[in-house]
Amino acid sequence: MALIVLLAGTTGKTSRAYALSTYVAECLDGYGHTTVIVDPGLTPAEVLIGGDSSAAAARDIAATVEAADAVIPVTPVRNGSFSATLKAVLDLLPPGAFTDKVVMPVATGGTSSHLTGLEYSLHPVILDLGGRQLVRGAYVLDRDLEVHGCGAVVAPESDDALRLAVAGLSAALGSTTQVAGNDELLIHPDEALARHRAGALLLDVRKSGDRDRVIPGVLHVEKVDVPALFDPQEQGALGVARTRSIVVFCNREQGSGRVVQTLRDLGYTEVRHVRGAAAGLEHELVKTAHAHIG
């Protein structure tokens with residue numbers, strides 16, 4: 001499998017661009033690739049600002065990129081251009097740093113009208129660095145990207161485009177691997193709500209501190225408490241029938257997916273989780289005016 005380096009265009013692991021970098025890396029991990037995220041926050045400010053490519057930190061970044069089969073610049077977009085932080089990182093790379101590498105830009109911004117400006121500003125820089133294998137990237141609108149303590153959540157529509165881009169990159173690297181996992185157990189938010197209306201248990205496994213918006217009619221259970229509350233052999237079990245339809249959601253699909261597996265291991269046969277996680281469910285509620293989110 002390939003080594004893919006993601007260049008985060010912001011400093012700080014709590015930033016939206018860094019969270020998006022982590023999300024993209026997790027998507028790529030599903031194809032069996034190895035991913036490395038370059039965090040500019042770990043590079044001394046004087047090196048970034050001064051463009052000191054001779055500094056040890058700059059040489060480390062250059063060596064990481066040199067070893068890569070593919071590079072993904074991930075940047076916020078403001079005023080139709082990529083971030084100054086990403087530019088500072090790219091300025092540390094030697095000429096030809098992207099030669100013989102597949103390059104896929106990923107960006108997030110407030111409006112899709114910035115996309116053309118991004119192409120005009122970033123693509124020439126990629127070409128100047130020797131990048132000739134430029135594959136179609138992805139642009140995630142700010143409103144489709146939510147960042148929580150456990151990472152990023154991407155709304156279903158943007159997630160489709162992002163995963164399509166990731167699949168294209170993987171194919172460009174010669175991979176024929178199909179993503180494995182619980183994808184067949186993911187359902188669209190509208191189907192999740194339809195199941196809930198039909199009597200399914202809607203199970204919210206977000207941490208208490210992450211439930212900044214409340215969805216009515218759900219059962220809140222911490223992930224660590226799921227085995228004790230759903231195992232019929234436990235004294236404090238809730239008594240949920242193993243044949244009952246259960247729809248799980250968390251702030252991220254990875255979190256709900258683990259709970260789905262736990263429930264299936266306990267013998268529950270009709271368990272699904274929500275594509276787009278809590279954010280996708282909330283967006284669907286607003287769109288369909290199915291229920292009030294208070």
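**Close-up views of a predicted model**

**View 1. The loop that holds Asp 100.** Asp 100 is found in the loop between H4 and strand E4 (102-103). The model shown here and in the other views is predicted. Although Asp 100 is not a glycine, its phi is positive, about 65 degrees. Most residues other than glycine have a negative phi. With a relative accessibility of 68%, Asp 100 counts as exposed, because the cut-off for exposed is over 50%.

**View 2. The loop that holds Asn 79.** Asn 79 sits in the loop between E3 and H4. Its phi is positive as well, about 55 degrees, and Asn 79 is not a glycine either. Asn 79 counts as exposed, because its relative accessibility is 78%.

**View 3. Helix H3 and its buried face.** Helix H3 takes in residues 56-67, which makes 12 residues. At 1.5 Å a residue the helix should span 16 Å, and its end C-alpha atoms are 17 Å apart, which agrees. Four residues of H3 are buried: Ala 58, Ile 61, Ala 62 and Val 65. Seen down the axis of H3, these buried residues fall within an arc of 95 degrees, so they line one face of the helix. An α-helix has 3.6 residues a turn, so residues three or four places apart point the same way. The elements against which the buried residues of H3 pack are the strands E1 (3-8), E2 (34-38) and E3 (70-76), together with the helices H2 (45-50) and H4 (84-91).

**View 4. The largest nonpolar core and Phe 98.** The largest nonpolar core has 30 residues, and those that touch the most other members are Leu 7, Val 65, Leu 90, Leu 93, Phe 98 and Leu 122. Two or more residues each come from E1, H2, H3, H4, helix H5 (114-128) and strand E7 (138-141). Leaving aside neighbours within four places in sequence, the contacts of Phe 98 include Leu 7, Val 65, Val 71, Leu 90 and Leu 93. Val 103, Ile 126, Leu 129, Gly 130 and Gly 131 are also among the residues in contact with Phe 98. A second, separate core has 27 residues, among them Leu 6, Tyr 31, Ala 70 and Ile 72.

**View 5. Ala 8 in strand E1.** Ala 8 lies in strand E1 and counts as buried, because its relative accessibility is 1%. Beyond neighbours within four places in sequence, Ala 8 is in contact with Tyr 18, Ser 21, Ile 37, Val 38, Pro 40 and Val 74. Thr 75 is 67 residues from Ala 8 in sequence, yet the two C-alpha atoms are 6.4 Å apart in space.

**View 6. Helix H7 and the glycine that follows.** In helix H7 (residues 189-197), Pro 189, Ala 192 and Leu 193 are buried. Seen down the axis of H7, these residues fall within an arc of 95 degrees, so they line one face of the helix. Gly 199 follows H7 and has a positive phi, near 115 degrees.

View 7. The domain assignment gives domain 1 (3-176) and domain 2 (183-291). Their C-alpha centres lie 33 Å apart. Where the domains meet, 15 residues of domain 1 are in contact with 13 residues of domain 2. The average pLDDT of the protein is 88, and 92% of the residues score at least 70. Over residues 290-294 the pLDDT is below 50, and this stretch has 12 contacts in the model beyond near neighbours in sequence.

Definitions and conventions
Residues are numbered from 1 along each chain as its sequence is written. This is a predicted model: local features need pLDDT of at least 70, side-chain atom pairs count only at pLDDT 80 or more; totals for chains, interfaces and linings use all residues. Side-chain values use heavy atoms; hydrogens and water are left out. The expected span of a helix is 1.5 Å times one less than its number of residues. Buried means under 20% relative accessible area, exposed over 50%, partly exposed in between (1.4 Å probe, protein chains only). The arc is that of the directions from the helix axis to the C-beta atoms. Contact means heavy atoms within 4.5 Å. A nonpolar core is a set of buried Ala, Val, Leu, Ile, Met, Phe, Trp, Tyr and Cys residues joined through side-chain atoms within 4.5 Å. pLDDT is the predictor's confidence in each residue, from 0 to 100. Domain bounds come from an automatic or database domain assignment.
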